[in-house]
Structure formats: C-alpha cells, structure tokens
Amino acid sequence: MAIAGISHLTFLVRDLERTARLLVDGLGAREVYDSGERTHSLSPEKFFVLGGVWLVAMEGEPPAERSYRHVAFQVDAEDLPGYRTRLERLGVEIRPPRPRSEGEGESLYFHDFDNHLFELHAGTLDARLAAYAATS
C-alpha cells in the first residue's frame with residue numbers, strides 16, 4: 001500500500017469565471033470540466049489541468065486572510081518575465097520575492113483574487129538541497 005501522488009488541489013473562489021481566466025490565460029491551464037449550475041459536489045465547480053496536475057475551482061468562501069501557505073509550480077527561469085506580464089494584465093497582485101540563498105532558483109509569487117498564494121518556481125528540490133548542503 002502506497003500513496004501514488006497528489007490527486008487534485010481544490011481552491012474555494014468567489015467567481016469561477018474570473019479564476020478560470022487566471023488559470024487559463026495567466027498560467028496556461030486547460031479547462032476540462034464546468035459543472036454549470038449542477039452541483040455534483042458542494043457547489044458549482046470547474047476542473048483544470050496545469051502541468052499534469054488536476055486543479056479544482058469551486059464556488060465558496062475563500063480564505064479570509066492571506067498567509068504564506070501556497071502552491072508552487074515549476075517553470076523555466078526564462079519564462080518568468082512572460083508569466084509576470086500575463087498575470088499583471090489580469091490584475092493579480094505580484095508579491096515581492098523573498099530573500100533567497102544562492103542556488104534556490106528564482107520565483108514569482110502572486111495572490112489570486114481570493115487570497116490564495118501561488119509561486120512559479122524555477123528550481124528543483126535537488127538544486128535546493130545541494131545549495132543548503134554547501135552552506136552547512
């Protein structure tokens with residue numbers, strides 16, 4: 001018996017269409033399902049695939065406060081400026097980068113319209129562990 005991986009990530013959002021634009025136009029996700037007014041789960045929802053990950057946007061009350069809790073998607077460093085431009089056009093809030101150790105890889109942090117924090121990260125676990133080991 002073993003966990004095979006992550007099945008899906010669900011985000012509660014106020015406006016499904018606005019979130020769909022963020023995921024599709026801003027990040028390049030593919031929308032694969034729209035429940036419309038049907039409620040198979042708790043409320044209307046849309047499904048997306050982004051980087052091989054199934055994402056669910058479900059109508060509901062999003063987090064009341066922002067935190068550092070986030071989802072990070074791996075990207076190539078040279079793609080970060082293009083993502084920044086697309087996301088700024090959609091009106092999401094780009095966050096300043098956090099201080100980084102050499103070798104961690106670049107990141108672009110942004111909040112969606114419902115207090116969820118996302119990171120586009122141009123680094124790998126192996127590179128980060130190697131960077132940390134080099135400073136120990």
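Tyrosine 109 stands opposite glutamate 119 in strand S8. Strands here are DSSP runs of E with at least two residues, and helices are runs of H or I with at least four, both numbered from the N terminus. The model is predicted, so local features need pLDDT of at least 70 and side-chain atom pairs count only at pLDDT 80 or more, while totals for chains, interfaces and linings use all residues. Residues are numbered from 1 along each chain as its sequence is written, and side-chain values use heavy atoms, with hydrogens and water left out.

S7 and S8 pair in the antiparallel sense over six bridges. Two strands count as paired if DSSP finds at least two bridges between them. S7 and S8 form a hairpin with five residues between them. In the turn, asparagine 115 has a positive phi of about 75 degrees.

The hairpin belongs to an open sheet of four strands. Their order is S5-S8-S7-S6, and the pairing is mixed. The edge strands are S5 (70-74) and S6 (93-95), each of which pairs on one side only. Neighbouring strands of the sheet are turned by 25 degrees against each other on average, direction ignored. For such angles, axes are lines fitted to C-alpha atoms, for helices over the stretch in contact, and angles run from 0 to 180 degrees between N-to-C directions. S5 and S8 run parallel and are joined by five bridges. Histidine 70 stands opposite leucine 117 in S8. Phenylalanine 110 in S7 is the bridge partner of isoleucine 94.

S8 is largely enclosed by the rest of the structure, because six of its six residues are buried. Buried means under 20% relative accessible area, exposed over 50%, and partly exposed in between (1.4 Å probe, protein chains only). Leu117, Glu119 and His121 point one way from S8. Phe118, Leu120 and Ala122 point the other way.

Serine 107 counts as buried, at 14% relative accessibility. Its side chain makes a polar contact of 2.5 Å with the side chain of glutamate 119. A second polar contact, of 2.7 Å, joins the side chains of serine 107 and histidine 121. A polar contact is a pair of N or O atoms within 3.5 Å; within protein, one must be able to donate a hydrogen and the other to accept it, and residues adjacent in sequence count only if both atoms are side-chain atoms. Leaving aside neighbours within four places in sequence, serine 107 is also in contact (heavy atoms within 4.5 Å) with residues including Leu80, Arg100 and Leu120.

Aromatic rings form a further set of links. Rings of Phe, Tyr and Trp (its six-membered ring) pair if their centres lie within 6.5 Å; planes under 30 degrees apart count as stacked, over 60 as edge-to-face and the rest as tilted. By this rule the count comes to five aromatic pairs. The rings of phenylalanine 11 and phenylalanine 118 have centres 5.3 Å apart and planes at 45 degrees, so this pair is tilted. It links distant parts of the chain, with phenylalanine 11 in S1 and phenylalanine 118 in S8, 107 residues apart. Phenylalanine 11 is buried at 12% relative accessibility, and phenylalanine 118 is buried at 3%. The rings of tyrosine 68 and tyrosine 109 are also tilted, with centres 6.1 Å apart and planes at 40 degrees. Tyrosine 68 lies in the loop between S4 and S5, 41 residues from tyrosine 109 in S7. Tyrosine 68 is partly exposed at 47%, whereas tyrosine 109 is buried at 4%. Phe11, Phe110 and Phe118 form one aromatic cluster.

The largest nonpolar core has 25 residues. Such a core is a set of buried Ala, Val, Leu, Ile, Met, Phe, Trp, Tyr and Cys residues joined through side-chain atoms within 4.5 Å. Leu27, Leu87, Phe110 and Leu120 touch the most other members. H1 gives the most to this core, with four residues. Beyond its neighbours within four places in sequence, leucine 87 is in contact with residues including Leu22, Leu27, Phe110 and Leu120.

The buried residues of H1 (residues 16-26) include Leu16, Leu22 and Leu23. Its buried residues pack against elements including S1, H2 and S7. At the start of H1, a side-chain oxygen of aspartate 15 reaches to within 3.0 Å of the backbone nitrogen of glutamate 17. Just after H1, glycine 28 takes a positive phi of about 85 degrees.
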